[in-house]
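Here's a quick tour of a protein model, written for someone who likes to know where the side chains sit. Have a look at the structure first, then read on.

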Amino acid sequence: MTTPTEPTVVIVPGLRDHVADHWQTLLAERLDNVRTVPPLERDKLSLAARIAALDTVLTDIDGPVVLVAHSAGVAITVHWAQQASRPVQGALLATPPDFEEPLPAGYPTRGDLDANGWNPVPRRRLPFPSIVAASTDDPLARFRRVAGMAESWGSKLVDLGAVGHLNPASGYGYWPYAEELLRELINSTAATAASFA
């Protein structure tokens, strides 16, 4: 049940879009007031297209919003925040990849990421409160690099331990800690939500 000031949660998936047993999909099923950025039909590696898709979802929502991003969804969120005028209440940013370093086989190359606008990763403070949930053994980013991103963004850093990339391939489906972190973010930014009432 939501209240008038309860924020809409917007799920920002990574490049693999929507996976049935992914924690973001399962979280969305448990929430009352939630929207998910839909998958792209074309230009799937285009950062500009991804930002436009997020912006379209946000434009259709009245009142406060909290973003829940995973993997490349974090990069989309951070890039979007550099040019957005629509305020958000906060963001949970889980296991951001390091697109400035080579990724494992099966992921886009640095050249492809550069050509599609993903680099450099913004290092300016985000205009909203955020929590970065980082893995100590993420194959897509070294913890020290993610900690540096979190510091640059003004985010609270949460060390998740060795959880891989926090996806089904790492053995993670439902992730109950996401709800705890989301609630912490919403409660800590309740004053921001009041300004929308």
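## A glutamine tucked away

Q89 counts as buried, at 0% relative accessibility. Keep in mind that this is a predicted model. As for where Q89 sits, look in the loop between α3 (72-81) and β4 (90-94).

What does the side chain of Q89 have within reach? One of its polar atoms lies 3.4 Å from the backbone oxygen of I186.

## The overall build

Zooming out, the protein has seven helices and six strands. Starting at the N terminus, the order of elements is β-α-β-α-β-α-β-α-β-α-β-α-α. The radius of gyration is 16 Å, close to the 16 Å that the globule rule gives for 197 residues, so the protein is as compact as a globular protein of that length. If you want a box for the C-alpha atoms, roughly 45 × 30 × 30 Å along the principal axes will hold them.

Of the 197 residues, 48% count as buried. Take the contacts with a sequence separation of 6 or more: residues 24 or more positions apart account for 75% of them. The accessible surface comes to about 9100 Å², and carbon and sulfur atoms own 51% of that. On the charge side, there are 16 positive and 22 negative charges, and their mean positions are 4 Å apart.

## Helix α3, under cover

How many residues of α3 are buried? The count is 10 of its 10 residues, so this helix is mostly covered, taking buried as under 20% relative accessible area.

## A serine pair

S155 sits in the loop between α5 (143-153) and β6 (156-159). Is S155 buried or exposed? With a relative accessible area of 12%, S155 is buried.

The side chain of S155 makes a polar contact with the side chain of S130, at 2.5 Å. S130 also turns up among the residues that S155 touches beyond four places away in sequence, along with L93, L126, V132 and A150.

## Out on α6

E184 belongs to helix α6 (residues 177-188). Its relative accessible area is 30%, which makes E184 partly exposed. Leaving aside residues up to four places away in sequence, E184 touches I131 and K156.

How far apart are E184 and W80? They are 104 residues apart in sequence, and C-alpha to C-alpha they are 23 Å apart in space.

Now for some backbone angles. The peptide bond from N119 to P120 is cis, with omega near 0 degrees. P120 is in the loop between α4 (110-115) and β5 (130-134).

Two residues other than glycine have a positive phi worth looking up. For D43, phi is near 50 degrees, and for T95, phi is near 40 degrees. D43 is in the loop between β2 (34-36) and α2, while T95 is in the loop between β4 and α4. What about their cover? D43 counts as partly exposed at 45% relative accessibility, whereas T95 is buried, with a relative accessible area of 1%.

## One more residue between β2 and α2

The loop between β2 and α2 also holds L40. At 12% relative accessibility, L40 counts as buried, in contrast to D43, which is partly exposed.

How far is L40 from V66? In sequence the two are 26 residues apart, and in space their C-alpha atoms are 22 Å apart.

Key. Residues are numbered from 1 along each chain as its sequence is written. This is a predicted model: local features need pLDDT of at least 70, side-chain atom pairs count only at pLDDT 80 or more; totals for chains, interfaces and linings use all residues. Side-chain values use heavy atoms; hydrogens and water are left out. Helices (H or I, at least four residues) and strands (E, at least two) are DSSP runs, numbered from the N terminus. The radius of gyration is taken over C-alpha atoms; the globule rule is 2.2 Å times the number of residues to the power 0.38. Buried means under 20% relative accessible area, exposed over 50%, partly exposed in between (1.4 Å probe, protein chains only). Contact means heavy atoms within 4.5 Å. Accessible areas come from the Shrake-Rupley method with a 1.4 Å probe; for residues, only the protein chains shown count as cover. Lys and Arg count as positive and Asp and Glu as negative; His and the chain ends are not counted. The place of a charge is taken as NZ of Lys, CZ of Arg, CG of Asp or CD of Glu. A polar contact is a pair of N or O atoms within 3.5 Å; within protein, one must be able to donate a hydrogen and the other to accept it, and residues adjacent in sequence count only if both atoms are side-chain atoms.
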